[in-house]
Amino acid sequence: MMPRSICSLLALGLAACGGPAARRDASDVPSGPDKTAHAFSLWAPNATAVFVQGDFNTWNATDTPMIAMEGGMWQVSVPGAQVGQGYQFVIHHEGGGVTRPDPRGRAMTNSIGHSLIVDPTAYAWQHGGVAMPPWNEQIIYEMHIGSFNDAPGGGPGTFASAMARLDDLAELGVNVIELLPIAEFAGDYSWGYNGAHPFAIESGYGTPDDFRALVDAAHARGIAVVVDVVYNHWGPQDLSLWCFDGPCLGEDNGGIYFYTDWRRESGWGPRPDYGREEVRAYIADNVMMWLEEYNVDGLRFDSTVNIRNASGTDVPEGWWLLQAINDRVDAQYSGRIMIAEDLQGDAWLTKATGEGGAGFDAQWDGGFFHPIHAVLVAPEDGQRSMTVVAEALRGGAAGAPFARVVYTENHDEVANGKQRLPVMIAPNDPAGYHARKRSMLGAALVLTAPAIPMLFQGQEFLEDGYFRDDDPLDWSRAQTFAAVRALYRDLIALRRNLADTTRGLTGDRSDVFHVNDVDKVIAMHRWYDAADAGNVVVAFNFADKAYTGYQLGVPSCGTWQVRFNSDATAYGSDFGNVGATSVAASATPRDGLPCSISLPLGRYAAVILSK
């Protein structure tokens, strides 16, 4: 991806480019001091007349006409319209007429129902503001509301049921939850990536205020909330934006919100028309809605490669839109994190817009996941390449350390024919020794790598099988595999430097200094700053063989304390407990470092040391 200017010949219609502020046509705020009137507005450029009907006029289709304004806008203020009442638009056009919910409505009865009037200012925040920890201290936990905390049968999990488990996450040490999309989608069960109504909260999960309560409760526990948003496509089911105001603008086309040429099909649903000012404003305002009205601490953009590219060809206006959005967020909401899921290893995603980059703060790093996953699931030790592990830890082309998010599980990689990591390691014994040992080794890699670590829900208690939107997590496993969960908790505490003994794990300086592909051992030095503050050494043994005294270089002499040993019986009663509480470093240079130690290493084990 070549650098591109944020303000091109294409007028973005966003304040970031010096153009007009994004046009709002939301119908969500009651007007007047008593809030017994409501101002409705709508963009419908192909309409010849528009009416609003709802509970306030007994759903009369012609009783409340809207006034035509400049640019295809329609507006009306309706006395007596109140919060909680249902409504929809009746749109007349030259070929007939259609009824549509509000494209910017904040709530719906369901994905094929009508909009509900919402007051986004009514919720009484107890813990407003931002809870986002610094990038270098974040532990992200990817969560699907519908399956995170639910009982089999009945409806999906809700914002309220998820809230009931926040204490478990806080005790684990998680400080960021990343929610799979929660905009209204078809039906009650979904991953959320088929969103049909981008501004409405998924009715199966609860109301807008129910979501605010979840954010509030998370903030009270020091947990930030990031929401996945989908702008590379919409739908395709229950998509009222399709041919919204009547004309489809050609055969197989979707009308005013979508491309009507070779760019229209994304593979998952129709692609929004980033070349149209009103659509860009619609997307940009949706971004701001999450930050302004719900106090979320950041957003994760799904498949940005399909915003900036279509069928292998660049879509410049998609790139410019991403730049404009990120600049607008930086200007108005500094400190919120914007994450791209691009998976192309393109460092331009996280470069500043002034340099021609897209301006994201971080991106998911598939260049870490795929090689590490292959090394962990390989059945034979001889198939594990330490050079591959070293390159994954170093980060390749993904950008600066805390501009990448690393993981061994996420919603995509444990579904669609793929299983959870322990099952991939040992299909016939996913709770057995090798499955636990090597998945824990993967956890240690993620939680000590120079990057932002991310876990997927249930990973901390060895959830097995594969991810499904209708298959709730089995929370009884948190007790069954309490030792596994304890390992995650201890690793997270060290990664966050909660005991002030492992500051180096929060630093951006790292060196993979030892790569032994014969014995399958690799070691990494992490430190905080140029003054060598907080030296940490992490050693990984990828062999089914223990070492009573493995020779390894260290950056300074003296006594090094063992802060963590994944082979400890505290993490598995069948583990070897090979290790030491401390080791003395002699003034014998090794691995390009001035001193060296003799370190006990268990089978498939990770050891963390600091002074």
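Predicted model: local features only at pLDDT ≥ 70, side-chain atom pairs only at ≥ 80, totals over all residues.

Colleague: How are helix 8 and helix 9 oriented towards each other, roughly parallel or roughly antiparallel?

Modeller: Helices here are DSSP runs of H or I with at least four residues, strands are runs of E with at least two, and both are numbered from the N terminus. Helix 8 covers residues 366-377 and helix 9 covers residues 386-394; they pack at an angle of about 155 degrees, with their axes 9 Å apart. Axes are lines fitted to C-alpha atoms, for helices over the stretch in contact, and angles run from 0 to 180 degrees between N-to-C directions. Angles under 35 degrees count as roughly parallel, over 145 as roughly antiparallel, 65 to 115 as roughly perpendicular and the rest as oblique, so helix 8 is roughly antiparallel to helix 9.

Colleague: How do the residues in the contact of helix 8 with helix 9 divide into nonpolar, polar and charged?

Modeller: From helix 8 come Gly367, Phe368, Pro371, Ile372 and Val375, which meet Val388, Val389, Ala392 and Leu393 of helix 9; contact means heavy atoms within 4.5 Å. Ala, Val, Leu, Ile, Met, Phe, Trp, Tyr, Cys and Pro count as nonpolar, Asp, Glu, Lys and Arg as charged, and the others, Gly among them, as polar. The contact of helix 8 with helix 9 therefore divides into eight nonpolar, one polar and no charged.

Colleague: How many salt bridges does the structure hold?

Modeller: A salt bridge is a side-chain nitrogen of Lys or Arg within 4 Å of a carboxyl oxygen of Asp or Glu. One of them joins the side chains of aspartate 508 and arginine 509, at 3.2 Å from N to O. The number of salt bridges in the structure is 30.

Colleague: In the salt bridge of glutamate 413, is that residue buried or exposed?

Modeller: The side chain of glutamate 413 meets that of lysine 418 at 3.0 Å, N to O. Buried means under 20% relative accessible area, exposed over 50%, and partly exposed in between, with a 1.4 Å probe and protein chains only. Lysine 418 is partly exposed at 31%. With 13% relative accessibility, glutamate 413 counts as buried.

Colleague: How many residues apart are arginine 603 and aspartate 544?

Modeller: Their side chains meet in a salt bridge of 2.6 Å, N to O. Arginine 603 is in the loop between strand 27 (595-601) and strand 28 (606-610), and aspartate 544 is in the loop between strand 23 (536-541) and strand 24 (547-554). The pair links distant parts of the chain, 59 residues apart.

Colleague: Aspartate 302 is in a network of salt bridges, but which residues are linked there?

Modeller: Aspartate 302 lies in the loop between strand 14 (298-301) and helix 6 (305-308). At 9% relative accessibility, aspartate 302 counts as buried. Leaving aside neighbours within four places in sequence, its contacts include Tyr193, Asn232 and Glu341. The linked residues are Glu178, Asp228, Arg300, Asp302 and Glu341.

Colleague: Which residue does a cis peptide bond join to glycine 235?

Modeller: Most residues other than glycine have a negative phi, and most peptide bonds are trans. Here the bond is cis, with omega at about 15 degrees.

Colleague: Serine 311 is not a glycine, so what is its phi?

Modeller: Serine 311 lies in the loop between strand 15 (309-310) and strand 16 (313-314). Its relative accessible area is 64%, which means that serine 311 is exposed. The phi of serine 311 is positive, at about 55 degrees.

Colleague: And is asparagine 497, which also has a positive phi, buried or exposed?

Modeller: Asparagine 497 has a phi of about 60 degrees although it is not a glycine. Asparagine 497 is found in the loop between helix 13 (482-495) and strand 21 (509-516). With a relative accessible area of 14%, asparagine 497 is buried.

Notes:
Residues numbered from 1 in each chain as written. Heavy atoms only, no water.
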